[in-house]
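Please view the sequence and the model together while reading.

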Amino acid sequence: MVRPSRLNVDRQSCQDEACAIQTCLSRNSYNQAKCEQFVEALYRCCDEFYKAVDKQSVTNMAGMERPEVLESTACPIRSVVDRKMKQLESQRA
């Protein structure tokens with residue numbers, strides 16, 4: 001489980017989780033069913049990443065604050081992460 005204090009908000013965020021998926025897949029003949037816990041960990045990390053990005057802001061040239069737009073090289077786009085998190089929540093209910 002990702003702890004927000006551990007999460008470094010930069011383009012390499014969640015890289016360890018993405019690598020863990022690849023390691024698991026290669027060890028299990030690319031059987032994704034055997035690596036679901038790693039896939040879930042990546043989505044949880046990415047969800048925390050996007051939440052942390054929301055809390056950051058930058059000042060633009062007009063002096064107005066706006067959310068900083070950051071993407072992680074390891075994370076799917078935000079809409080995919082949001083959809084997966086809703087799916088995971090409904091499975092747990």
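A residue is called buried when its relative accessible area is under 20%. By that cut-off Cys35 is buried, because its relative accessible area is 0%. The model discussed here is predicted.

**Overall architecture**
- The protein contains 3 helices and 2 strands, which follow the pattern α-α-β-β-α along the sequence.
- Of its 93 residues, 32% count as buried.
- The protein exposes about 6,500 Å², and carbon and sulfur atoms supply 50% of that area.

**Helix α2**
- Helix α2 covers residues 36–55 and reaches 29 Å from its first C-alpha to its last, close to the expected 28 Å.
- Its buried residues include Val39, Leu42, Phe49 and Val53.
- The buried residues of α2 pack against α1 (15–27) and α3 (78–92).

**Disulfides**
- A disulfide is a covalent bond between the sulfur atoms of two cysteines.
- The structure holds 3 disulfides, and the pairing in sequence order is 1-4, 2-3, 5-6.
- Cys14 and Cys45 form a disulfide with their sulfur atoms 2.1 Å apart. Cys14 lies in the segment before α1 and Cys45 in helix α2, so this pair ties together parts that are 31 residues apart in sequence.
- A second disulfide joins Cys24 to Cys35. Cys24 belongs to helix α1 and Cys35 to the loop between α1 and α2.
- The torsion about the S-S bond of Cys24 and Cys35 is about -90 degrees, so the disulfide is left-handed.
- Another disulfide joins Cys46 to Cys75. Cys46 sits in helix α2 and Cys75 in the loop between β2 (65–67) and α3, 29 residues apart.
- Both Cys46 and Cys75 are buried.

Methods. Residues numbered from 1 in each chain as written. Predicted model: local features only at pLDDT ≥ 70, side-chain atom pairs only at ≥ 80, totals over all residues. Heavy atoms only, no water. Helix = DSSP H or I, 4+ residues; strand = E, 2+ residues; numbered from the N terminus. Expected span 1.5 Å × (residues − 1). Buried < 20%, exposed > 50% of the residue type's maximum accessible area, 1.4 Å probe, protein only. Contact = heavy atoms within 4.5 Å. Areas by Shrake-Rupley, 256 points an atom, 1.4 Å probe, with all protein chains shown as cover. Disulfide = S-S within 2.5 Å.
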